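This report looks at parts of one protein model. Please keep the sequence and the structure in view while reading.

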Amino acid sequence: MQIGVIGLGRMGGNISRRLMKAGHQCVVFDVDAKLCGALAKEGARAAGSLAELVKALGEKPRAIWVMLPAGRITEETVEQLGGLLQADDTIIDGGNSFYKDDIRRAKKLAERRIRYVDCGTSGGVWGIERGYCMMIGGPKEAVDRLDPIFSTLAPGLGEIPRTPGREQGDSRAEHGYIHAGPSGAGHFVKMVHNGIEYGMMQAYAEGFDILRNKDSKDLSEDERFALNMPDIAEVWRRGSVISSWLLDLGAAALAKDPELKDFSGFVQDSGEGRWTIEAALEEAVPADVLSTALYARFRSRQEHTFGEKMLSAMRFGFGGHIEGSEPTDPEPKPTASQGHAMARQVAR
C-alpha cells in the first residue's frame with residue numbers, strides 16, 4: 001500500500017522503515033529536512049509540506065499516519081489535513097492523543113466524509129525490530145482497508161505460546177493488534193495500558209529500592225546484606241512469575257551500571273497516567289496502585305532514590321526517554337513553530 005507518514009522522529013521514522021522493508025510505499029514529511037532526506041535515501045518519497053505530501057499520494061483513497069506528540073502540534077496537523085483531503089481518505093493518529101480529542105476530531109472530519117482512525121502504538125524504539133502492539137479505534141471499513149499496514153507493523157505470532165481457548169477468537173489480537181472499537185477506543189485502551197505500565201514500573205522500582213538498602217546502617221549488623229542487583233534482576237528474568245520486558249530492560253541497565261550512575265531518578269509523566277486516573281474518577285473505579293505510581297513520579301522531581309533511577313532506566317530502555325526532556329503538561333500549548341520544534345525534540 002501507499003501511505004503518508006508525518007513526523008519522522010523516534011517512532012515515526014522506524015514505522016516508515018518497517019513498512020518500506022515489507023514493500024509499502026511511504027511518502028514522508030517532517031519539518032526537519034534532514035530526517036526527510038535520510039528516509040528518502042532509504043526509499044521513501046520526501047515531501048516539503050503537508051500539501052505536497054497529500055498531492056504525492058496517488059493511490060486513492062489516501063491514508064496518512066500522523067506520528068507527533070499529543071497536544072497542539074497534532075491538533076493543528078489534523079486540522080490542516082482535514083482541509084487538504086477528500087471524502088473516503090483516512091487520517092491515522094498513531095501518537096498518544098487524549099481519546100476525547102479523537103472523538104471530537106472524528107465527528108468534525110466525518111462532516112467531510114474523511115475517516116479518522118486513532119491507533120495507540122506501543123513498541124518504542126524497539127518496534128522496528130520487534131514490531132508494534134497496536135490498539136485501534138475508528139470505523140470498521142477504514143480499519144479493515146488499512147489492515148495490510150497494521151499487519152506489517154504488528155509483531156506477528158512470534159514464539160509466544162497460543163492462549164488456550166482463543167482458537168475461535170479474532171486472530172489479529174494474537175498477531176499484536178486489535179480493532180478496539182469506534183473512534184477514541186484505541187487511544188483509550190492505550191491510555192490504560194500506559195497507566196498499568198506506570199504501576200508495574202513502580203513495583204519494580206520499589207522492590208529494587210528495598211533490596212538496594214538492605215545494607216543500611218540503620219539495620220543491625222547481622223541483618224545487613226550486600227545484595228547483587230544485576231544478578232537478582234537476571235535471575236528474576238528466568239522462570240519467575242514477575243518476568244517481563246520491563247524487567248529485561250532493567251536488568252540490561254543494571255548489568256551495564258549496577259549503581260545506575262547515569263540516571264538521576266528524575267521521572268517524567270507524559271500524560272497518559274494522569275488521563276487514566278481521570279477516567280477512573282469518571283467511572284468511580286478504584287485505582288490505588290496507578291494513582292500512587294503517578295504521584296511517585298511527581299515526587300521524583302524533588303528527591304531521588306535508587307528506585308527512581310531504576311524507573312528512569314526502564315523508561316530509557318523501552319522508549320529512549322531522556323530525563324527532563326519531556327513537558328510535564330500533557331497538553332502543551334506552544335506556537336505552531338515552537339510546536340514543530342518540540343515535535344522534533346521529543347520525537348527523537
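The model is predicted: local features need pLDDT of at least 70, side-chain atom pairs count only at pLDDT 80 or more, and totals for chains, interfaces and linings use all residues. Residues are numbered from 1 along each chain as its sequence is written, and side-chain values use heavy atoms, leaving out hydrogens and water.

**The sheet**

Helices (H or I, at least four residues) and strands (E, at least two) are DSSP runs, numbered from the N terminus. Two strands pair if DSSP finds at least two bridges between them. Eight strands form an open sheet with mixed pairing, in the order β3-β2-β1-β4-β5-β6-β7-β8. β3 (45-46) and β8 each have a single partner strand and stand at the edges, so one side of each has no neighbour in the sheet.

Two of the pairings are set out here.

| Strands | Sense | Bridges |
|---|---|---|
| β6 and β7 | antiparallel | five |
| β7 and β8 | parallel | four |

Strand β7 (residues 133-137) is mostly covered, with four of its five residues buried; buried means under 20% relative accessible area, exposed over 50%, and partly exposed in between (1.4 Å probe, protein chains only).

Helix α5 (residues 99-110) lies across β5 and β6 and runs at about 155° to β6. For such angles, axes are lines fitted to C-alpha atoms, for helices over the stretch in contact, and the angles run from 0 to 180 degrees between N-to-C directions.

**Ser122**

Ser122 is found in strand β6 (residues 115-122). Is Ser122 buried or exposed? Ser122 has a relative accessible area of 19%, so it counts as buried. Leaving aside residues up to four places away in sequence, Ser122 touches Gly131, Tyr132, Cys133, Met135, Lys190 and His193, where contact means heavy atoms within 4.5 Å.

**Helix α15**

Helix α15 (residues 306-319) has 14 residues and reaches 20 Å from its first C-alpha to its last, close to the 20 Å expected at 1.5 Å a residue. The expected span is 1.5 Å times one less than the number of residues. Twelve of the 14 residues are buried, so α15 is largely enclosed by the rest of the structure. Among the buried residues are Phe306, Met310, Leu311 and Phe318. The buried residues of α15 pack against α10 (185-212), α11 (229-237), α12 (245-256) and α14 (288-299). After α15 comes Gly320, with a positive phi near 70°.
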